[in-house]
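Have the 3D view ready and follow along.

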Amino acid sequence: PPEPPPNPATPAGSARGLSCFESMSSFLTPRKVKARRELEMHSVLVLQRVSRGMLARARTRLLLRENLLYELVNRQEERHAKRIEYYVNMFLINRERNAAYHRKAQAIQAGYRGRRGRTAARARKDARDQSLAAERARIEEARAEEERRRREAEAALLARKREEEAQRAAQSGREDVIDEPPRLQLRPGMTAAEVNELVERSTRRSARSHVEKRREQELATRTMQTARGYLKKTSPKARGPFGSTHVRYFYFEADRLCWRKSGEDEDDGEKTKAIELDNVESVEVIEPLEKFEFVIKLRDMAKPYKMRANNQDEMLMWVQALKTLLAIKEARRHAGSSSRN
């Protein structure tokens, strides 16, 4: 074996002496034993390096697993926090239902989601819908009752005026037998064309009788005073296939069909729109009759005005009133042309 380097602390020639235990053991150790020891030492060093790498990789895997676990826990807590925040906001918005939302939040926090909760929620929703529908029906019924009372009062006033006129005419000896527009009753299964023909025939007969007795102004005045109320109007200028429908209050004023947003007061300065009766070409009931719709065709417009009443009596009342006024104008023109001839 090679000689070890000389130790500067020891004097020269004492490297192979017996004064140092290490040098003695190294000198006496065989070569194979030294090689085996070096190999074992090298193996130990390699094992140490490998074990350190394995420990580092294991520590890295543990750190990754720990981070992933923390991330999953944070996501779950975030979802849970969002859910709790949602129900807290709903609780603050709907104070009148705080007990129900509190029970619901508690049930969701406890992990309970079942058929019973959905059934109860559906029952509450159905109850709210039924109450709203009942309230709307009550409002519509009250409005219809008010309109019916108003019409009955106007009809009673008109009948009283007619009786007074008849009495005055009987006292003065004037003949007062005039064909009034009858109250129309539709038969089941009638079409729109048949209804239009029936109304046209009755209004023309009444207008001709009044014009012959020179009392057409009385009929026009009574018609304008009686026909008034709310209708759903679809303007011909509206774009699209369905147009825009609005509820407006309609009434007659000086040979015009006027409408406004409300019928509270006709002199309060609210914007009023109107159709000149001289510009009206025809008034017709359209199919289906169950929708209570009729159209007003004008001479200077390609598309007509579409009106929708609340019931059949209102539709017939408006159609009969418009056709009566148009028939009066036509009878006047016919009487004027025949007198000139």
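## A buried pair to start with

Find F250 and W318 first: both of them are buried. Keep in mind that you're looking at a predicted model.

The ring centres of F250 and W318 sit 6.3 Å apart with the planes at 75°, so this pair counts as edge-to-face. F250 belongs to strand β2 and W318 to helix α7, so the pair ties together parts that are 68 residues apart in sequence.

How many aromatic pairs does a search of the whole structure find? It turns up 6. In one of them, F250 and W259 have ring centres 5.5 Å apart and planes at 40°, so that pair is tilted.

Zoom out a bit and you'll see one aromatic cluster made of F250, F252, W259, Y305 and W318.

## The nonpolar core

In soluble globular proteins, nonpolar side chains tend to be buried together. Here, the largest nonpolar core has 38 residues. Among those with the most contacts inside this core are F252, F294, W318 and L322.

Helix α7 gives the largest share, 11 residues.

## Zooming in on L322

What does L322 touch, if you skip residues up to four places away in sequence? Its partners are F252, L257, L277, V283, F294 and I296.

How values were computed. Residues are numbered from 1 along each chain as its sequence is written. This is a predicted model: local features need pLDDT of at least 70, side-chain atom pairs count only at pLDDT 80 or more; totals for chains, interfaces and linings use all residues. Side-chain values use heavy atoms; hydrogens and water are left out. A nonpolar core is a set of buried Ala, Val, Leu, Ile, Met, Phe, Trp, Tyr and Cys residues joined through side-chain atoms within 4.5 Å. Buried means under 20% relative accessible area, exposed over 50%, partly exposed in between (1.4 Å probe, protein chains only). Helices (H or I, at least four residues) and strands (E, at least two) are DSSP runs, numbered from the N terminus. Contact means heavy atoms within 4.5 Å. Rings of Phe, Tyr and Trp (its six-membered ring) pair if their centres lie within 6.5 Å; planes under 30 degrees apart count as stacked, over 60 as edge-to-face and the rest as tilted.
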